[in-house]
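Thanks for sending this one over. Here are my notes, point by point, to read alongside the structure.

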Amino acid sequence: MQNERLDIHLRERPAQLEEAKRKGVKVIGYFPGNYVPEELIYASGAIPVCLANGGSPQPAAAALSVVPNMICPFARTQIGERLSKKDPYYSMIDMLVAPITCQHLKKAAEVWEYFDGLEIFKLGIPQQHKNDFELEYFGGRLRLLKDRLQTFTGNNITAEKMREAVELYNRMRVLLRQMSTLRKASTPSISALDFIKLNHASFYADPVFMVEVLDSVYRELKQENQGIKIESPRILLVGPSIGKGDYQVLELISAAGGEIVIEEICEGVRYYWNEIDNRGDIFQSLVKGYLVDRVPCAFMRYSTGERFNHALRLIEEFNVSGVIWYELLCCETYDSESYFFSRKLSERNIPMLTLEYDYGTDIAGQLKTRIEAFIEILKG
Amino acid sequence: MKEFLGLCGFNEKEIELELPRVEKAFTKLGITASDIEQGKLRLKTYYAIELEGVRKIIRLVLRECINSLLVKDEGVEKIIYGFMCPGIDLISSALACKSRKVYAIHHSWALHIVVGCILGKLEGILEAAEEKWLKAGIVSHCANVKTLVGPVMLGLFPKPDLLITSGFLCETAPKTLDLLYELYNIPVRYIDAPPDRELGEYSLPNDRVAPMAALSMRKVVQAVQEIVGFEISDDLLTEVLEARNRQEAVMGRIKAVIENSNPLPLSPALENIWTCLGALPLNIDGIEEATEALSTLYIELQERVARGIGVVEKDAPRVMAILPMGQTDPRLEQLACEVGIAIVATDQSVVMPPLGTSDDPYVKYFIARLNGSMGLPLKKRVPLIVEGCRKLNIDGVLDRYHVGCRSVAADALLIESAVKRELGIPVLLLEWESFDPRVFNLNEYKKRLEIFKTMMLEKKNKT
């Protein structure tokens, strides 16, 4: 029932946004990675849209006319989608907020800037945040983003609007977290694929509507969470990115009899472990919530150990028996980390499978064979 | 060996003095007699060692490479490596001014030249890194970081007390150091500032990113001070910065001679050698010595120009090469000369004029250094390259894009299309690895360079 409502909403969403644009409302896109506070965009009266397509070979290939293939397929997809303008979200946005994270996504923003007259705000992310000046830098950029949004939309971002927006998105985070943690049970009532699809939907849907849907879905799932205990190996999926549409590996794992019970993904999945503190100085809260109180992405400094410890906690909490490391081709940071993770997990007798994928169709057979073999190992 | 050292600019007295050290260091590297023969041949073939300035420069580079290999044996107590790290040139020189018991170096550059370019013996080092997390293959890990990890894994370089890097141009260097910390417990510090300047900001004083980078560097210098046990004052850094600026001024004059002379007076294979001096950990006297070596080269180049001596024929097609150059192998640059192509400039020549000023040596340093071509966003970098080509009357662009560097390699196709569209001149794209001599393919490169030359000549003849 809720899925049907959501499907209809998502089908109608581009038309809704076009209509809103005709009425003067701005649609503001941003690249994923969870460093761009949607709250700020929402509070400005604009409509935030996270541009997170991935998985399809065509847009990634289309970008090869402007960048070589050592740019990862996810970043290339963001370029290819903008160039081809086949996806309505990529062509309708009025402004892009580009978090300057890894070189790949930074380059995607630069290519947009190169070809477009589109307003682009580059949100520099300090690669470390142990010092006050780093926190101040990020806070300064967020304040500037607020000013830019106000000018761009013609609306004032008041403290009240900010608090309402934070409350709304916090509610979404809480629901996603609650839903995700249902998978700690021995009978997960939602598959990884369905959870990720819901997560992806939250980037495009109207946030008020999305909260309603998530709330209903969560209540349904909670009731269902009493089923038959599954015997499938429980898997932690780690990787840089699961784009909207990048579902092949998830499907192959499921088809091979594995159950992904938790993901540690940087891009393409909303960060839902913590909420933004809605008391006191909201900008300090945003800095804390978006930069400090979170597991760092692999491009951040001193991140490897912290990310590994987080993975260990997930492995324990979600009773994981094996790790699938799903990296995108040419993602140099995750590729380096995979060596570290596999070594350290091996010391703890936790098997890990490393998969590299470039959204191509020609290696599907190879992926399938490797995943099946790994699941068999986990089954013992 | 003595002849080799002589070719590298050592006089007889120095040869006697340095020979045991060089032999010891080379034994560590596994350098054999035949490697030395190869080194002599390469020096004679690629490096214009008939020029006194060149010999003086190579001498300084070789000496630094030997120093870096023997630091522990020679009683140095604290070792710091900078890697892909703006600022390490200042820090290392400041440390060298104050103590002989401390050694800090942007270590890989001298190693690249001696072990890679001259001795042709880098493969083992690269393979040692590839056995760890920097695997070979399509992921295209930068071979530059392999030349850091390889020597540490092989025990050629001692485990340092501190590693410093930055992420201005890549994540590979910081991630590599992060793993060196996690796996081998080597402390790491980072100098960072998000490269997030917007287009409009380039015409304004750099009062946001440069100060952020400066604060980050100050924090790192604090950590360095704690390790070495003495202060690095702003006054000392200012003194070093001024000495480095004098050195850079001479480099600028050399560059101008190369860019503006016909025929081309010096092989581009030498560019990474004379520019390397800017990264060696020299104290003030050492920087002056390096500046003097550069001045000698500058005078000799002027003499060559006056006498019409060139490394290619007069009126050879003039080419701008996109950075980075061949850091560990001189053969591609030399091949260009042999084919009759004059690489007269790199995109190092195109810089956004740095704006802003400061009395703070850290801020001053970063204002000057954050506007180079490689660090600019596409929309600034591409027009700047086009404009540079126009100004230098360039006939073609050689973009041998370094696959290990996402930041620069990603720009190659757009540079190509813009140069062709705006200037109508040929562009040769070569996908390669600037730090890995194993990619060199004589037949392929020769054929492509010859075609490139033909295209440039045809275009020239038409106009």
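1. A word on terms first: a residue is buried when its relative accessible area is under 20%, exposed when over 50%, and partly exposed in between, using a 1.4 Å probe and protein chains only. Helices (H or I, at least four residues) and strands (E, at least two) are DSSP runs numbered from the N terminus.

2. Please keep in mind that this is a predicted model, in which local features need pLDDT of at least 70 and side-chain atom pairs count only at pLDDT 80 or more, while totals for chains, interfaces and linings use all residues. Residues are numbered from 1 along each chain as its sequence is written, chains are lettered from A and ligands numbered from 1 in the order in which they are written, and side-chain values use heavy atoms, with hydrogens and water left out.

3. Let me start with helix H9 of chain A. Of the 13 residues of H9(A), 11 are buried, so the helix is largely enclosed by the rest of the structure. Among them are A:Leu193, A:Phe195, A:Ile196, A:His200 and A:Tyr204. The end C-alpha atoms of H9(A) are 19 Å apart, in agreement with the 18 Å that its 13 residues should span at 1.5 Å a residue; the expected span is 1.5 Å times one less than the number of residues.

4. Helix H1 of chain A covers residues 2-22, and its 21 residues reach 29 Å from first C-alpha to last, close to the 30 Å expected. Where does H1(A) bend? The bend is at A:Arg13, by about 45 degrees, and a proline, A:Pro14, follows within four residues. (A bend is the angle between axes fitted to the seven residues ending at a residue and the seven starting there.) After H1(A) comes A:Gly24, with a positive phi near 95 degrees.

5. The buried residues of H1(A) include A:Leu6, A:His9, A:Arg13, A:Pro14 and A:Leu17. In chain A, the buried residues of H1(A) pack against strands E1 (27-30) and E2 (47-50) and helices H5 (88-92), H9 (192-204) and H10 (207-224), where contact means heavy atoms within 4.5 Å.

6. On to the aromatics, with 23 pairs over all chains. Rings of Phe, Tyr and Trp (its six-membered ring) pair if their centres lie within 6.5 Å; planes under 30 degrees apart are stacked, over 60 edge-to-face, and the rest tilted. A:Phe195 and A:Tyr272 form an edge-to-face pair, 5.5 Å centre to centre with 85 degrees between the planes. This pair links distant parts of the chain, 77 residues apart: A:Phe195 is in H9(A), and A:Tyr272 is in the loop between strand E6 (259-267) and helix H12 (282-292) of chain A. A:Phe195 is buried at 0% relative accessible area, and A:Tyr272 is buried at 3%.

7. Ring pairs also join A:Phe308, A:Trp325, A:Tyr334, A:Phe340 and A:Phe341 into a cluster. The charged end of A:Lys130 sits over the ring of A:Tyr302, 3.7 Å from its centre, and A:Lys244 lies over the face of A:Tyr204 at 4.6 Å from the ring centre. Here a charge sits over a ring if NZ of Lys or CZ of Arg is within 6 Å of the ring centre and within 35 degrees of the ring normal.

8. How many disulfides are there over all chains? The search finds zero, a disulfide being a pair of cysteine sulfur atoms within 2.5 Å. Buried B:Cys405, at 9% relative accessibility, has its closest cysteine sulfur in B:Cys170, 6.5 Å away and too far for a bond.
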